[in-house]
Amino acid sequence: MRKNNTVNSLDNTETKNLYHNTIQFIIREYSTELNRSYHQKDIAKTIGVDASMLSKFNKMEVNANMSESSLKQMQNLIERMIERYGLKIIFSIEVGNNQSFKVPAGKERDYLERLRDPELAVLLSSFIEYIIDKNTKKGQRRHTQNEIAKVLATNSTELSRLKNEEKGYTKAQRLNCIGIIEKIKRKYKEVEIYCTITVANCPLQENRSLHKLAHKLALNLIDVSTPFEEQVNPHKEIIQEKESFGIPIAEDREKERFILVAGAGASHAATKKYIPLGMEAAEEIRKRIVKRIPGALIEAEIDRLRYSYRLPPDEFETKILAYSKYGRKEVIEALREICGYAYIPSLSYEIIAHMFKHRFIDSIINFNYDEVLDVAVKEELQQGDFKFIYSDADCPGDYKELLINDRLRQPVYIKPHGTISHRSSLRFTREDFFSIPPEIRATMKDLLDASVIEQNKQQPYLKLNLILVGYSLTNFEFIRLIQEYLEKRKKARLTIWVFDTHLQLDEIKKEFEKKDLDRIEIVFFDLLMKHSLEDYLLTLWRLVEGNFKDHYKPRGIERHELVNHIFNFDKEELKTLGRGEKLQKKAHQRNYFLGRFYVELIIAYLQSDGILNAKQILEDRAGDYFHLYLESGGVESSLRDHCGRLGLKVYKDFIWDTYILEKPPLFYEKEELYDFLLERLKNCIPRNFVTSLRGIENQKRFQFLCQKIRVRNIAKITPNFVFPHNHLFSKIKKEDILNTAIAWIYRFQEAIHKSDKWDVMLSISEKGRFLKKLKKGLIADKKIELVLASFDTNELDDLKKNDFDHQKYGLTGKLNFLPWWLHNQHLVLLMKRTNKNTGDWTKDWQMFEGFYYESRLLSRRVNPIHIKDSQDDLQILLYIFANYWYRAKSYTESKDTDANPAVPIIPNKNSIERIIKELLSKYDESDPKNNDIKN
């Protein structure tokens, strides 16, 4: 546990007061909510100490003779309570008020340094007012502020500014303020500082452990994004400059692996406690079994397992093993009804899936049978973007197949107990725990072992972090794997981040020997108190996001918040989304799928710059829910009909697979756009979901989230180290693959910053937005040639007139456009003139670096690559650009003079060579001394 220096600095009186305040606060806050009595025994059990120790300190009289060891013990207890119950210490310092205790002489500065800036300002103001009041007689204010400043040898203006400060001091101003307060204390002997120390529930944003986890996850994404260049340390450029909670970000920082483990408590908490915990499920199954099998036989079997195999009789696995002896089929059917849920909206699970997709979390091990988390992951990641293992056939033949250098090639998702939709995969008994397919066990062991195979021999394995969500380490096989890890890694330390009730903490500790506990750090987030799993995960995401500088911020979770804002189901509504025949109300389920389809369609529209292609719709979430709606008995209307109901019309009135908003100018009128979409959505989705869209607050929330989705429109990069575009390029290496947004942005910025290496940038871009994100002055004195997409709609083609200042962005000549359906390849190529004009462009120009990806039919899913070492592949980029440039130039010129613009066909290689010469001839005027291109 991290030591609290504040607690350790308290004296006897302060510690005793804080001790009593803390216990009383816990009793007051939690007894009513949990409907139970929180007396000292309960607190002792929660923090893992003997109750007699608490009682001893509660009765102890405070005096100067309290032993040093007793003081340290009491301070340790306070630390435990503060950490376990999510509390914070509050210092309230007042002037001339003896309601609490006087700050000891010589410790004033210690107390002042604990205060926040606004509190310091208030205290300074209180000092001055107190002095004036005490030293004024018969209405004559002898001591004015100017006189006080004079006595203190301080500037009166600065004194006034400091005491009225509300926002915050600079470091120098803060030290000055503390110094002035100390001067006042010395000059005016009658003025004393009195302190009250209390405790309060700690807002999650202030939870130091959450900050630490968020910071580590942010660094993990950077490690995944830049695993190949060990000499490069991009953390300082990407991460915000702030307190790092003791985590070094230098090159020698230990790299880590993060594995999230989900248990029954996770699904229970993530579905508003609708999916039951293990014991609740066992009781429900028993009720069904005893209808056919006498209860006495079941009890006899439980006793047999207890005495023959020493299995705990109260554990879920023991009970299910006993039940399955007499009715394995009935047990499976009961589990399908109890846990057969997949499409429940769950913000908690969607946040986990979001962090998994974006590579903050490396792997998920899900011990649950339900498929709510499975669906959240599959909606975030397309098939092939992650490794899904629920049977031995899914396991790799060799651990190396999962790796690329020292990182996982793709996120890995494992269900060791199987999944409810595949009966043959279910493993839900003790006997099955001992017979988990060896391939799955071996894969789990390799993931935990986290060996580094190819690089970084100084760190032969990644430091292991387990994030346990609603899981108390009840699986024998998994515990054994952790023990094997500790046995193999003699010097390794394991960090376990636990999101569970405090009742599970002791169970986790019991699974490890004392010698192992010394190497295990357990960080606990209690779900039994005021904060839910959703609260924790929402706050964790905000903190993760806050670690990144603006330019590098990852894609947000606003889409998930919008879905869960609209489909905020209660328990009765959740019943309709299961598999069991008795629970399934197909009409409600069908309505839900239809409602989700419309909401996902709006989200897709906001992410697509106002134009949607049917292929894009059907390959994403909107298409998934459209098919689910039809499969559940929905009216077999065409996709076009449903788009029309939402206000989308056929593009150009005849391109039937593409849609735009029927009132295009609304696209730039933000509030009108969101109001329009809101009203359309109300008319489209089933009535029982409309309530969440009514009322001013709900509508403001809808508009706010829609705006966030639209503004933070980042391309969806495939988080998998596949080898894309090898049909074009012959020398793509694994280090060329950009599998995260950060990898892409960082590599691109790094290339652009090498200003001495290039003179000209050639770019095929949909709208050229990347130019606006470049730092000021970065492209000064450079030349840029753009080929953009033409959408032929009023709101999007305004881009031609307004979006670019040619001089500011170094653009050469007129902007050239291609119709969006021909604008499928995107690239940036950086070039530099090396010789005078010899007539041979291959000798006159050197290609420096390039970036490339395909985006067919407006798809937002892309696989970008970075090319810098292969001149052959860079030359292919130049050929692609020249092809696009010539066709776009012809199309743009003919469009300005002809109602039917033409896109020419380039017949042969000789033609493309002539086009390249024509393109580069724009830059023939150059100074060979400095290689600058004249304006």
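In strand 15, tyrosine 659 is the bridge partner of leucine 612. Helices and strands are DSSP runs numbered from the N terminus, a helix (H or I) having at least four residues and a strand (E) at least two. The model is predicted, so local features need pLDDT of at least 70 and side-chain atom pairs count only at pLDDT 80 or more, whereas totals for chains, interfaces and linings use all residues. Residues are numbered from 1 along each chain as its sequence is written, and side-chain values use heavy atoms, with hydrogens and water left out.

Strand 13 and strand 15 (residues 655–661) run antiparallel and are joined by three bridges; two strands count as paired if DSSP finds at least two bridges between them. Strands of a sheet pair through backbone hydrogen bonds, either parallel or antiparallel. The open sheet has three strands in the order 13-15-14, with antiparallel pairing. Strand 13 (611–613) and strand 14 (648–651) are the edge strands, each pairing on one side only. On average, neighbouring strands of this sheet are turned by 35° against each other, direction ignored. Helix 27 lies across strand 13, strand 14 and strand 15 and runs at about 120° to strand 13. Axes are lines fitted to C-alpha atoms, for helices over the stretch in contact, and angles run from 0 to 180 degrees between N-to-C directions; contact means heavy atoms within 4.5 Å.

The largest nonpolar core has 108 residues, and Leu217 and Phe548 have the most contacts inside it. Such a core is a set of buried Ala, Val, Leu, Ile, Met, Phe, Trp, Tyr and Cys residues joined through side-chain atoms within 4.5 Å. Helix 27 (residues 586–606) gives the largest share of this core, 12 residues. Another core, of 55 residues, lies apart from it and includes Leu10, Ile43, Ile128 and Val191. Not counting residues up to four places away in sequence, leucine 217 touches Phe258, Met355, Phe360, Ile361, Ile467, Leu540 and Val544.

Leucine 533 is found in helix 24 (residues 533–546) and counts as buried because its relative accessibility is 2%. Buried means under 20% relative accessible area, exposed over 50% and partly exposed in between, with a 1.4 Å probe and protein chains only. Beyond its neighbours within four places in sequence, leucine 533 is in contact with residues including Ala266, Ser348, Val469 and Phe499. The C-alpha atoms of leucine 533 and phenylalanine 499 are 7.3 Å apart, although 34 residues separate the two along the chain.

Side chains of opposite charge can pair when their charged atoms come close. The structure holds 36 salt bridges, each a side-chain nitrogen of Lys or Arg within 4 Å of a carboxyl oxygen of Asp or Glu. In the salt bridge of lysine 185 with glutamate 108, the closest N and O atoms are 3.5 Å apart. Lysine 185 lies in helix 10 (residues 171–187) and glutamate 108 in helix 6 (residues 108–114), so this pair ties together parts 77 residues apart in sequence. Both lysine 185 and glutamate 108 are buried. Arginine 286 and glutamate 299 also meet in a salt bridge, at 2.9 Å from N to O. Arginine 286 counts as buried at 17% relative accessibility, whereas glutamate 299 is partly exposed at 33%. A network of salt bridges links Glu379, Glu380, Arg559, Arg596, Glu600 and Arg621.
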